[in-house]
Amino acid sequence: MEIYVPDIYQKNIYEIDYDVLVSRGIKCLIFDLDNTLVTILETVPREETKELFKELKEKGFKIYIASNSIKARVKPFHEELKVDFIYSVKKPNPGKISELINSTKYGLDEIAMIGDSMMDDVVCGNTIGVTTILLDQISKKEYPLARIRRMKEKKIQKKLRIPIDNQ
C-alpha cells in the first residue's frame with residue numbers, strides 16, 4: 001500500500017510551500033496537467049498559474065508538464081507557460097517519466113512529481129523514487145477512464161486515511 005502514499009498532500013498547487021521544497025533540495029518540478037493545473041475543459045492556463053510558474057522559475061526550479069493527454073492538448077500550455085512537456089505519458093507506467101529524468105541533470109532526490117491522481121501521479125512518482133505531492137482534483141469533470149480509476153482511488157484513500165476533497 002505504500003506505493004499509493006504521497007510524501008506531501010496539499011489542496012492545490014497554490015498551497016504548496018515551495019520554499020520547503022527548496023530547503024529539501026528539490027530543483028525540478030513535474031506537474032500533471034488535467035485536474036492539477038486546469039480542468040479538462042480549459043484550453044489555456046489561468047493567469048494565476050502563469051504567475052506561479054514565473055515565481056517558481058525565479059526560485060530556480062526547472063518545470064515540466066507530464067500528461068497522459070495527447071500532444072495537441074498539452075502543447076498550448078507549454079507555449080503559454082514556457083515550460084518543457086511530455087505527452088501520452090501513460091502514467092502510472094514510469095517509462096516516459098524515467099526517460100525524461102534520465103535526460104536531465106537532476107537526481108531522483110531533486111525532483112518532485114505533482115498531481116491530482118493517486119493511482120497515476122503518486123504511483124508513478126513513487127515507483128521511480130521521486131518526491132510525490134498529491135493534490136485535490138480541481139474539478140469533478142473527468143475523462144471516462146479517469147472516473148473509473150478515481151472510484152478505486154477513493155477506496156484506497158479511505159483505507160489509508162488520506163484526506164479526500166469533498167467538493
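**Strands, a helix and some rings**

Colleague: Let's start with strand 5: how many of its five residues are buried?

Modeller: Both faces of strand 5 are covered, with Ile-111, Met-113 and Gly-115 on one side and Ala-112 and Ile-114 on the other. Buried means under 20% relative accessible area, exposed over 50% and partly exposed in between (1.4 Å probe, protein chains only). Helices (H or I, at least four residues) and strands (E, at least two) are DSSP runs, numbered from the N terminus. The strand is mostly covered, and its buried count is five of five.

Colleague: What pLDDT do side-chain atom pairs need in order to count?

Modeller: Residues are numbered from 1 along each chain as its sequence is written, and side-chain values use heavy atoms, with hydrogens and water left out. It's a predicted model: totals for chains, interfaces and linings use all residues, local features need pLDDT of at least 70, and side-chain atom pairs count only at pLDDT 80 or more.

Colleague: Which residue of strand 5 stands opposite Ile-30?

Modeller: Strands pair if DSSP finds at least two bridges between them. Strand 2 and strand 5 run parallel and are joined by four bridges. On the other pairing of strand 5, with strand 6 (residues 131-135), there are four bridges, also in the parallel sense, and there Ala-112 partners Thr-131. The residue opposite Ile-30 is Met-113.

Colleague: And which residue in strand 3 stands opposite Cys-28?

Modeller: In a regular strand the side chains alternate between the two faces of the sheet. In strand 2, Cys-28 and Ile-30 point one way, Leu-29 and Phe-31 point the other way, and all are buried. Strand 2 is parallel to strand 3, with four bridges between them. Across from Cys-28 you find Lys-62.

Colleague: Within what arc do the buried residues of helix 4 fall?

Modeller: Helix 4 (residues 95-102) buries Ile-97, Leu-100 and Ile-101. They line one face of the helix, because seen down its axis (directions from the axis to the C-beta atoms) they fall within an arc of 95 degrees.

Colleague: How are the rings of Tyr-18 and Phe-61 arranged: stacked, tilted or edge-to-face?

Modeller: Rings of Phe, Tyr and Trp (its six-membered ring) pair if their centres lie within 6.5 Å; planes under 30 degrees apart are stacked, over 60 edge-to-face, the rest tilted. There are three aromatic pairs here. With centres 6.2 Å apart and planes at 70 degrees, Tyr-18 and Phe-61 are edge-to-face.

Colleague: How many residues apart in sequence are the parts this pair ties together?

Modeller: Tyr-18 is buried, at 5%, and Phe-61 is buried, at 5%. Tyr-18 lies in helix 1 and Phe-61 in the loop between helix 2 and strand 3, so the parts tied together are apart by 43 residues.

Colleague: Which charged residue sits over the ring of Tyr-87?

Modeller: Tyr-87 is partly exposed at 32% and makes a tilted pair with Phe-85, 6.0 Å centre to centre and 35 degrees between planes. A charge sits over a ring if NZ of Lys or CZ of Arg is within 6 Å of the ring centre and within 35 degrees of the ring normal. At 5.5 Å from the centre of the Tyr-87 ring, that's Lys-96.
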